[in-house]
Amino acid sequence: MVGNVLAAVVALIHVYIAVLEMFLWTRPQGRKAFNLTPEFAAQTRVLGLNQGLYNGFLAAGLFWGLLGGGFGPLVFFLVCVAVAGVVGALTASRRIIYIQTVPAVLALIPVLLAH
């Protein structure tokens, strides 16, 4: 139960990230979240859309695991989120590890222990 609740939180975080990247990239909220200048945001809008799509897929996979896919898909997508957070922390911003990896690992532990 705890693992599922935490996995749902991770999924909702990724829905929020997807919305920021896909729809708010050039708006003040998106620029502030990713520390972008208006010019850079305009130039990279398509990249934000692409990143957002991937984050949306992570959220969809987590919801699938929670709503019927079961243990395997849930673990797979939590691990994907954790790895994506590590890569993001190494390549973009260290804070990504706290936004993606830490919540995913915190959800993964009780999911694995309950199985």
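Rings of Phe, Tyr and Trp (its six-membered ring) pair if their centres lie within 6.5 Å; planes under 30 degrees apart count as stacked, over 60 as edge-to-face and the rest as tilted. This is a predicted model, in which local features need pLDDT of at least 70 and side-chain atom pairs count only at pLDDT 80 or more, while totals for chains, interfaces and linings use all residues. Residues are numbered from 1 along each chain as its sequence is written, and side-chain values use heavy atoms, without hydrogens and water.

Q: Which residues do ring pairs link into a cluster?
A: The structure holds three aromatic pairs. Ring pairs build one cluster, made of Trp64, Phe76 and Phe77.

Q: Why is the pair of tryptophan 64 and phenylalanine 77 classed as it is?
A: The pair joins helix H4 to helix H5, 13 residues apart in the chain. The ring centres lie 6.4 Å apart and the planes stand at 75°, so the class is edge-to-face.

Q: What class does the pair of phenylalanine 76 and phenylalanine 77 have?
A: The two ring centres are 5.0 Å apart. The planes stand at 90°, so the pair is edge-to-face.

Q: Is phenylalanine 77 buried or exposed?
A: Buried means under 20% relative accessible area, exposed over 50%, partly exposed in between (1.4 Å probe, protein chains only). Phenylalanine 77 has 16% relative accessibility and therefore counts as buried.

Q: How many charged residues are in the contact of H4 with H5?
A: Contact means heavy atoms within 4.5 Å; among the residues that meet are Trp64 in H4 and Phe77 in H5. By class, the contact has twelve nonpolar and three polar residues, and the number of charged ones is no residues.

Key. Helices (H or I, at least four residues) and strands (E, at least two) are DSSP runs, numbered from the N terminus. Ala, Val, Leu, Ile, Met, Phe, Trp, Tyr, Cys and Pro count as nonpolar, Asp, Glu, Lys and Arg as charged, and the others, Gly among them, as polar.
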